[in-house]
Amino acid sequence: MNRRTSLLIRTLVFLFILNSLSLFYYFTHHHSPKPSSSSSTSKSSPFKVNNYLTPISHQTHFSKPWPILPSYLPWPQTATTAPLRSCEAYFGNGFTHRRDVLHARDGAGWFRCWHSETLRSSVCEGGRLRMVPERIAMASGGESLTAVIGRREEEELPAFQEGAFEVDGGGFVDRKFLVDREFLDRHTMRDLIGKIRIVGGKDFECDEWIEEPTLLVTRFEYANLFHTVTDWYSAYVSSRVTGLPNLPHLIFLDGHCMAPLEETWKALFSSLRYAKNFSGSVCFRHAILSPLGYETALFKGLTEDIDCSGVPAKELWQKPDDHKTARLSEFGEMIRAAFGLPLNIRRDGKPLFGHNVLFVRREDYLAHPRHGGKVESRLSNEQEVFESLKSWVSGYKGCKINLVNGLFAHMSMKEQVRAIQDASVIIGAHGAGLTHIVSALPKTVILEIISSQFRRPHFAYIARWKGLEYHAINLAGSHADPGTVIKELTDIMKRLGC
């Protein structure tokens, strides 16, 4: 017994010493970044970032892995060209025309753009790119909304000075600016790209390096869900087009204050910071310039005829079709995966706990510094319609129906997406909240109530591109007859076998 006890004690002591050595190795190798001594490294004095004293060094950050998405289809990185105005050209990788603006020489910087003839837009990327925040005129961004009430929009939008961004030209610099006017006439983000300068390697000094791929995003209508979804989609497509191995980090090139939609930005990407929150120059090993949301098919489809129907990805694997797409389903799964929601949900037959009918409400809330807190009514008797539906549901004999009161202004973004995912039917007056249907499951039915002042095709198109069943009740004004809404919903429920 004494021999066994002695052996046990020696084993425990050995494991303790081994663990101590492992911890010593970890902390000495992961928490003591070496100061840099050349143009590709940074200075050794400390500086402040976001009010924290940080040693100037190469900053490495954890990058989230791509989730496995059931509707994922490959994003080819080859010279394969999606046919002009095909569904893949609109919603997938139509960015196949490559233009190398600056070739890398002897470890210096590089810059190229991928152009889409269909969208007339470009995804640009570069390496050894330096951002100088003091040369971007705008508010700091990221403040609480209540702290900046009344701030003008002009203060939040970026004005790029010459050299706001610079790329390392190494030992050979043959021009001052990265691109010429001919290039700008063909590509977007003119104000930013047109101000990028090329500097010699000896002048390329950085206060901080970010090693991981980073998306640079400029937002305009940042508090509106529809426009923010177009920004999310643009950022997602940019990440796929450039073949990033993990979810990129994100920097906002604008001075907007915080908004509830920021929750989804943080969930979708590896990290989030505002450009003006850096106190010194920042260099990127790999930076990607995401096009504006206005340049996506989601927005351009409002004025262009995009002949695309949503179908399951499996169908396109078996039989590709230029007039069919699964890209919006892939994107919707990406949003759900970002919040940790299940992806392999099958909706066959009657749900065990009944059908959820989600009524998306329009509520008053403070959206941005210039907003008065009142939301324009699109359905003047919305509460009456909801109460009538609640009464109808309580007496319906066909099956169990759960009427969900979609008070999105009082729900987190994750709760909103979960409510969309759980719904068999989604009802709502025309409004940005309905953009959430990008995350709806297959076989979800959409019923939109449209007043005469807002006959816009946003959600009919999204439903079509997603492959969802869509119905509309067009009003003569803004007042809906509850009986008409109940009749439409009754017909829908019967088609669902209820």
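Accessible areas come from the Shrake-Rupley method with a 1.4 Å probe. For the chain in this predicted model, the accessible surface comes to about 23,400 Å². Carbon and sulfur atoms hold 55% of that surface. The chain has 498 residues, and 53% of them count as buried. Its secondary structure comprises 14 helices and 24 strands. Among contacts in the chain with a separation of 6 or more, 75% join residues 24 or more positions apart.

Two helix pairs were examined. Two packed helices are described by the angle between their axes and the distance between the axes. Helix H11 spans residues 382–395, and helix H14 spans residues 482–495. They pack at an angle of about 45°, and their axes are 9 Å apart. That angle makes H11 oblique to H14. The crossing of the two helices is right-handed. On the H11 side, the contact is made by Glu 384, Val 385, Ser 388, Leu 389 and Trp 392. H14 contributes Pro 482, Val 485, Ile 486, Leu 489, Thr 490 and Met 493. By class, this contact has 8 nonpolar, 2 polar and 1 charged residues.

The second pair is H6 (residues 225–241) and H10 (residues 327–338). Here the packing angle is about 100°, with the axes 11 Å apart. H6 is therefore roughly perpendicular to H10, as angles of 65 to 115 degrees count as such. From H6, the contact includes Val 229, Trp 232, Tyr 233, Tyr 236 and Arg 240. From H10, the residues are Arg 327, Leu 328, Glu 330, Phe 331, Met 334 and Ile 335. The contact of H6 with H10 has 8 nonpolar and 3 charged residues, but no polar ones.

Both H6 and H10 also meet helix H12, which covers residues 413–422. The buried residues of H12 are Met 413, Gln 416, Val 417, Ala 419, Ile 420 and Gln 421. These residues pack against H6 and H10, and also against helix H7 (262–268), strand E20 (355–360) and strand E22 (423–429).

Leu 403 lies in strand E21, which runs over residues 401–406. Its relative accessibility is 21%, so Leu 403 counts as partly exposed. The cut-off for buried is under 20%. Leaving aside residues up to four places away in sequence, Leu 403 touches Val 357, Phe 386, Leu 389, Lys 390 and Val 393. Of these, Leu 389 also takes part in the contact of H11 with H14. Trp 392 is another residue of that contact. The C-alpha atoms of Leu 403 and Trp 392 are separated by 9.9 Å, and the two residues are 11 residues apart along the chain.

Technical notes: Residues numbered from 1 in each chain as written. Predicted model: local features only at pLDDT ≥ 70, side-chain atom pairs only at ≥ 80, totals over all residues. Heavy atoms only, no water. Axes fitted to C-alpha atoms, helices over the stretch in contact; angles between N-to-C directions. Helix = DSSP H or I, 4+ residues; strand = E, 2+ residues; numbered from the N terminus. Parallel < 35°, antiparallel > 145°, perpendicular 65-115°, else oblique. Left-handed = near helix turned anticlockwise from the far one by under 90°. Contact = heavy atoms within 4.5 Å. Nonpolar A, V, L, I, M, F, W, Y, C, P; charged D, E, K, R; others polar. Buried < 20%, exposed > 50% of the residue type's maximum accessible area, 1.4 Å probe, protein only.
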